[in-house]
Structures are given as C-alpha cells and as structure tokens.
Amino acid sequence: MFGPLSQLFERKKRTALFIIDIQKALASDPQTQIPHAKRVKMATAEILAATYRFVYDAPEDSYNKIVYVQHEETPDRGPLQKGTPGWELVFKPTKSDLLNCREMLVFKNTRDAFESRLFGLNHSGNVFEPRLSDMTLAESLKASGIHEIIAVGIQSECCVLSTCLGAHAAGFKVSLVKRAHSTYDHANKTALEIEKEVEEQIIRKGGRVLDFDGVLRYWKQKQMEGGMSVEGYVEV
C-alpha cells in the first residue's frame with residue numbers, strides 16, 4: 001500500500017541522504033560481510049547516482065546534502081578498527097572540499113550518529129581527518145536548512161535504526177529506503193525479517209519507508225531544478 005509524501009526534496013526544505021556504515025568489512029569482505037551486501041551496495045549506488053545530480057546541479061539556494069557515516073570500534077566489538085581496510089568506506093565523498101556544504105563526513109563510535117561531534121572537515125590527499133565541532137550534528141544540519149533525512153546503510157537494527165531514532169528525537173523527519181539497508185542473520189531471525197521489523201519501528205515512530213524502485217524511477221525522470229515531490233512512492 002502506498003501513501004502520499006509531499007515534497008521529499010523541495011526548495012527551502014532541504015534533505016540529507018545518510019549513508020550509514022557501508023564499510024568494507026560489512027559490505028565487501030567475503031569473510032565478514034552481511035548476507036545481502038551486494039543488494040545494499042547496488043541500491044545505494046543507484047540512489048547516490050540520482051542524488052549527486054540533484055545535489056550538485058541544483059540552484060545554490062536549494063542545497064541538499066549527502067552525509068557519509070563511518071563507524072569505529074575496538075577489536076573485541078567487531079572488524080571496524082580505524083585505519084584498517086575493513087574500516088574504509090565503500091562510498092566516499094567525491095568532492096575535495098567538504099566545506100562546500102553539499103557533502104559531510106561523520107565519524108562515530110556509538111550506534112547513533114547524532115551523538116557524534118567528529119566531522120571530516122580537513123582533506124589531505126584521500127584522507128579526511130576528523131575535527132571536533134562546536135556544533136552537534138543536529139545543529140549543523142539545521143544550520144544548513146536540513147529538515148529531513150533519508151537513510152540507507154548497515155546494520156538495520158543497530159546503527160541504521162539508532163541513527164533514524166536519533167534524527168527523529170532531534171526533530172527531523174525520517175525516511176528509510178527499503179532494500180537499501182540490511183544486517184546479519186540472527187540465530188532466530190533472518191536478515192530479511194529484521195529489515196521488516198526495523199521498517200515497522202520507523203513507521204510506528206512516525207517515519208516513512210520509501211519504496212526503492214518507485215522513488216528511483218521518479219528521481220531519474222526529474223530535471224534537477226527546484227523541488228522534487230515523490231507523491232505516491234512511500235510505503236506505509
């Protein structure tokens with residue numbers, strides 16, 4: 001069943017695409033990746049391709065943002081140790097200057113990215129160094145006019161859900177893209193079952209679950225000027 005969503009991307013009501021923890025250990029390493037890593041990467045790549053056109057071709061007064069989230073953990077917690085190949089992002093900022101306001105890199109060591117103040121603002125070669133900000137992530141986004149986040153990423157029930165809930169608590173509208181998030185199988189639940197449970201939790205909190213195919217078709221058809229409406233492409 002599909003319900004309306006007025007103005008997902010629109011002028012003066014800006015949106016941030018959050019790419020959460022799509023890192024090589026979780027998405028590209030055959031030994032440690034989640035079962036549906038290929039599907040999440042393919043979906044995210046298509047979403048990014050459409051989003052780049054909107055973010056970088058839009059008029060200056062309608063900036064939206066792409067936010068890359070990179071998790072760090074200790075060896076006893078998992079494979080995402082800072083500086084290791086597994087910690088690296090699969091999808092990285094493409095512009096050398098993250099101060100251009102259209103891309104942002106957030107470093108974290110908690111599930112909720114909204115608890116972080118470490119942003120990648122200093123670029124040297126291919127390395128983005130973390131800098132402690134005086135502003136919280138929520139404050140930084142609101143200062144840029146962001147009012148809604150669209151989330152994709154790994155793991156559904158951990159950092160994806162926690163970041164979505166953190167965004168909701170901070171006053172943002174929240175949308176999660178179906179098929180563009182996943183996790184590991186658990187002993188008593190499959191990854192697909194967990195994905196569905198997380199989507200249901202987002203809806204119960206007042207968020208939206210976007211139908212990937214419908215939204216992507218719509219994005220690809222739109223000229224990147226002014227607002228974007230995805231009326232009719234939201235799964236509820």
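Which residue lies over the face of Phe 172? Lys 142 does, at 5.3 Å from the ring centre. A charge counts as sitting over a ring if NZ of Lys or CZ of Arg is within 6 Å of the ring centre and within 35 degrees of the ring normal.

This is a predicted model, in which local features need pLDDT of at least 70, side-chain atom pairs count only at pLDDT 80 or more, and totals for chains, interfaces and linings use all residues. Residues are numbered from 1 along each chain as its sequence is written, and side-chain values use heavy atoms, with hydrogens and water left out.

**Overall picture**

The protein has six helices and ten strands. These are DSSP runs, numbered from the N terminus: helices are H or I with at least four residues, strands are E with at least two. Of the 236 residues, 52% count as buried. Buried means under 20% relative accessible area, exposed over 50%, and partly exposed in between (1.4 Å probe, protein chains only). Contact means heavy atoms within 4.5 Å. Among contacts with a separation of 6 or more, 72% join residues 24 or more positions apart.

**Aromatic pairs**

Rings of Phe, Tyr and Trp (its six-membered ring) pair if their centres lie within 6.5 Å; planes under 30 degrees apart count as stacked, over 60 as edge-to-face and the rest as tilted. The count comes to three aromatic pairs. Two of them are set out here.

| Pair | Centre to centre | Angle between planes | Class |
|---|---|---|---|
| Phe 18 and Phe 114 | 5.7 Å | 10 degrees | stacked |
| Trp 87 and Phe 107 | 6.4 Å | 15 degrees | stacked |

Phe 18 is in strand S2 (residues 14-20), while Phe 114 is in the loop between strand S4 (103-108) and strand S5 (118-124). They are 96 residues apart, so the pair links distant parts of the chain. Phe 18 is buried at 0% relative accessible area. Phe 114 is buried too, at 12%. Phe 18, Phe 114 and Phe 172 form one aromatic cluster.

Trp 87 lies in the loop between strand S3 (65-71) and S4, and Phe 107 lies in strand S4, so this pair ties together parts that are 20 residues apart in sequence. Both Trp 87 and Phe 107 are buried.

**Backbone exceptions**

Most residues other than glycine have a negative phi, and most peptide bonds are trans. Asp 21 has a positive phi, near 55 degrees. Asp 21 sits in the loop between S2 and helix H1 (24-27). Asp 21 is buried, with a relative accessible area of 1%. Arg 179 is partly exposed, at 34% relative accessibility. The peptide bond from Ile 154 to Gln 155 is cis, with omega near -10 degrees. Gln 155 lies in the loop between strand S7 (146-154) and helix H4 (156-169).

**The largest pocket**

Gln 155 is also one of the residues closest to the centre of the largest pocket, along with His 71, Glu 73, Arg 77 and Arg 111. The lining has 17 residues. It divides into six nonpolar, six polar and five charged.

Key:
On a 1 Å grid over the protein atoms alone, a cavity is a set of points where a 1.4 Å probe fits but cannot get out, and a pocket is an open set with protein on both sides within 12 Å along at least five of seven lines; lining residues have an atom within 4 Å of a point. Ala, Val, Leu, Ile, Met, Phe, Trp, Tyr, Cys and Pro count as nonpolar, Asp, Glu, Lys and Arg as charged, and the others, Gly among them, as polar.
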